[in-house]
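Me: I would like to learn how to read this model. Where do we start?
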Amino acid sequence: MLHNAGALPLTSLNHISLVCRSVEMSLDFYQNVLGFVPVRRPGSFDFDGAWLFNYGIGIHLLQSEDPENMPKKTEINPKDDHISFQCESMTLVEKKLKEMGIPYIQRRVEEGGIYVDQLFFHDPDGFMIEICNCDNLPVIPLVVGEPVRVCKRVSLMKQQQQQQLQQQQMVQYLPPAMHVKEEPHIPCA
């Protein structure tokens, strides 16, 4: 388990809540497309909704108070807010999505020769769902003091230029036997 001593003492992700145009439509989607199971919801709530559970996570559906004015998303954008689920077979997931008539887009991420395949699609309210084989990519904690790479194109270009300048300056001061092989740059995903 990764842990930061100054952080809150958390144990796991419990649930996500989603505001829906129609709890019934979303309930059907999360049960029949993603395999979630309805679970008991406290009767003391004074608003419509439903709770589901599977894969170690809960999804709480909340009925919108103004469903007609909820924004409608049509473009499938992998950079939008989303929840991601690991799967055993990307081929089978893609086949099922086609059979169900659910529009999706595919992406592939590469990191050091390791490939992660992704499928993105929307729930009935436009919330993004990702299905992936992300466990192909190891989770590697950063070493204490190692800078976090914020992936902004402008700052990434500046960072690359600064690194190149620093490497050139270091090479000037190292004896020939100390020159180190430069590691290939791996861009942010």
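Reply: With confidence. pLDDT is the predictor's confidence in each residue, from 0 to 100. Contact means heavy atoms within 4.5 Å. This is a predicted model: local features need pLDDT of at least 70, side-chain atom pairs count only at pLDDT 80 or more, and totals for chains, interfaces and linings use all residues. Residues are numbered from 1 along each chain as its sequence is written, and side-chain values use heavy atoms, leaving out hydrogens and water.

Me: Over which residues does pLDDT stay under 50?
Reply: Low pLDDT means the predicted coordinates should not be read in detail. Here the stretch is residues 170-189, with twelve contacts beyond four places in sequence in the model. For the chain, mean pLDDT is 84, and 78% of residues reach 70 or more.

Me: How do I read a helix, and which residues of α1 are buried?
Reply: Helices are DSSP runs of H or I, at least four residues; strands are runs of E, at least two; both are numbered from the N terminus. Buried means under 20% relative accessible area, exposed over 50%, partly exposed in between (1.4 Å probe, protein chains only). In α1 (residues 23-32), Val23, Ser26, Phe29 and Tyr30 are buried. They fall within an arc of 125° (directions from the helix axis to the C-beta atoms), so they line one face of α1. Glu24, Met25 and Asn32 are exposed on the other side. The cover over the buried residues includes β1, β3, β4, β7 and β8.

Me: What does isoleucine 105 touch?
Reply: Isoleucine 105 lies in strand β6 (residues 105-111). Its relative accessible area is 22%, so it is partly exposed. Beyond four places in sequence, isoleucine 105 touches Ile76, Pro78, Gln118, Leu119 and Phe120.
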